[in-house]
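The sequence and the structure are shown first, and the description follows.

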Amino acid sequence: MTRSTLYMLAATTAMFAVAPWIIDAAPNEATMGLVYKIYFFHMPSAWMFLLSAIVAGVASMRFLFLKRATADHWAMAAGELTVLFGAFTLVSGPLWARKAWGVWWQWDPRLTSSLVLFLLFVAYNLLRRYGGPGSDKLGAGMAIFSMFNVVFVWVSVNYWRTIHPPTTVVPSLPVAMGIPLWFCVTAFTLLFIVLLRMRARLEHQRARVDALYLAEES
Amino acid sequence: MRALSGICLLVCLLVAPALAQPQPPKDFVAVDESQPGEQIPALPLIASAYGFIWIALLGYVWSVGRRLQKVEGELAELEAKRK
């Protein structure tokens, strides 16, 4: 692990350790009460879910069109993180919805498109793990296709009539709610960068091991 | 005739509020002590959401660290062999 990654990991750990107190200090929401505090981890998780899908798509484009082998390592790392942050979003969301909406799940455009994006990246990871030779190019195509679903997830709450709050909620938040939210967004962004670098390093090292085995054989 | 109509109207006006009163309940319904909005407690839901994220995150970091350690060990072994 590089020194900068270690510093970022230390900063992320410190932020996550302090986060419960900052979230606890935030006021309750008028209609939802205490349960809305799930928002402070749910929303940053959802943003990182979409960001990692974009990173996976862009890195796959670089791999497929510019023939950069290392770009595939970044795509694999981001693909795995999409599933991780997607799981955070899709588990914390229904727990919040159970109280706020009275149901665990609604087949509305935002929730359904998020689930589709998550399942696409589960399929991507399975393909990369068990697909065998040629799965890198097929996987890259799949990641690019999946990336475009991010647009659909993002606009779904503003374009269609849905039970999920629109994206305009974030800029309209009162300061007392905005501070913990942006603190958590920063913590999750740092976490995403640290995990992405760690996971990409794993792929770089795997590629070096494979190259050494091939050199030994020849 | 006008007097009779007046009496009928007066009776209607006097009786109408009595008929408009809500009917008493046929049986007693016990309610929980908690407020209607708090029938689903928020705390277990919040604890589950944060708990899941924390546990999954620690598990993932541990998994990546372990895989990285294994690959770097293998790499060091192969490089030592080549020298």
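Two packed helices are described by the angle between their axes and the distance between the axes. In this report, axes are lines fitted to C-alpha atoms, for helices over the stretch in contact, and angles run from 0 to 180 degrees between N-to-C directions. The model is a predicted one.

## Chain A as a whole

Chain A contains 7 helices and 0 strands. In sequence order, the pattern of chain A reads α-α-α-α-α-α-α. The C-alpha trace of chain A extends over about 70 × 40 × 25 Å along its principal axes.

Of the 218 residues in chain A, 38% are buried. Among the contacts in chain A with a separation of 6 or more, 77% are between residues 24 or more positions apart.

## The pair H2 and H3 of chain A

H2(A) and H3(A) pack with their axes 7 Å apart and at an angle of about 155°. H2(A) is therefore roughly antiparallel to H3(A), because angles over 145 degrees are counted in that class. The crossing in which H2(A) passes H3(A) is left-handed. The residues of this contact between H2(A) and H3(A) comprise 17 nonpolar, 10 polar and 2 charged.

The loop between H2 and H3 of chain A holds Lys67(A). Lys67(A) is not a glycine, yet it has a positive phi of about 60°. Is Lys67(A) buried or exposed? Lys67(A) counts as exposed because it has 9 C-beta neighbours inside 10 Å, and the exposed class covers residues with 12 or fewer.

## The pair H2 and H6 of chain A

H2(A) also meets helix H6 (residues 149-159) of chain A: their axes come within 10 Å and cross at roughly 155°. This angle makes H2(A) roughly antiparallel to H6(A). The crossing of H2(A) and H6(A) is left-handed. Leu50(A), Ala53(A) and Ile54(A) of H2(A) form the contact with Val150(A), Val153(A) and Trp154(A) of H6(A). By class, this contact of H2(A) with H6(A) consists of 6 nonpolar residues, with no polar and no charged residues.

## Two residues of helix H2 in chain A

Leu50(A) lies in helix H2 of chain A. Why does Leu50(A) count as buried? Leu50(A) has 21 C-beta neighbours inside 10 Å and is therefore placed in that class, for which 20 or more are required. Setting aside neighbours within four places in sequence, the contacts of Leu50(A) are Val150(A), Val153(A) and Trp154(A). From C-alpha to C-alpha, Leu50(A) and Val150(A) are 6.0 Å apart in space, while in sequence they are 100 residues apart.

Val58(A) is likewise located in helix H2 of chain A. With 17 other C-beta atoms within 10 Å, Val58(A) is partly exposed. Val58(A) and Ala143(A) are 85 residues apart in sequence, and their C-alpha atoms are 8.6 Å apart in space.

Chain B contains 2 helices and 0 strands. Buried residues account for 6% of the 83 residues in chain B.

Helix H2 (residues 42-82) of chain B has 41 residues. From its first C-alpha to its last, H2(B) reaches 60 Å, close to the 60 Å expected at 1.5 Å a residue. Which residues of H2(B) are buried? They are Ala42(B), Leu45(B), Ile46(B), Ala49(B) and Ile53(B). These buried residues of H2(B) pack against helix H2 (39-66) and helix H3 (69-100) of chain A.

## The contact between the chains

How many residues does each chain give to the contact? Chain A provides 24 residues and chain B provides 20 residues. On the side of chain A that touches chain B, the elements giving two or more residues are H3 and helix H7 (175-217) of chain A. By class, that side of chain A is made up of 14 nonpolar, 3 polar and 7 charged residues.

Definitions and conventions: Residues numbered from 1 in each chain as written. Chains lettered and ligands numbered in written order. Predicted model: local features only at pLDDT ≥ 70, side-chain atom pairs only at ≥ 80, totals over all residues. Helix = DSSP H or I, 4+ residues; strand = E, 2+ residues; numbered from the N terminus. Expected span 1.5 Å × (residues − 1). Contact = placed C-beta atoms within 7 Å. Nonpolar A, V, L, I, M, F, W, Y, C, P; charged D, E, K, R; others polar. Parallel < 35°, antiparallel > 145°, perpendicular 65-115°, else oblique. Left-handed = near helix turned anticlockwise from the far one by under 90°.
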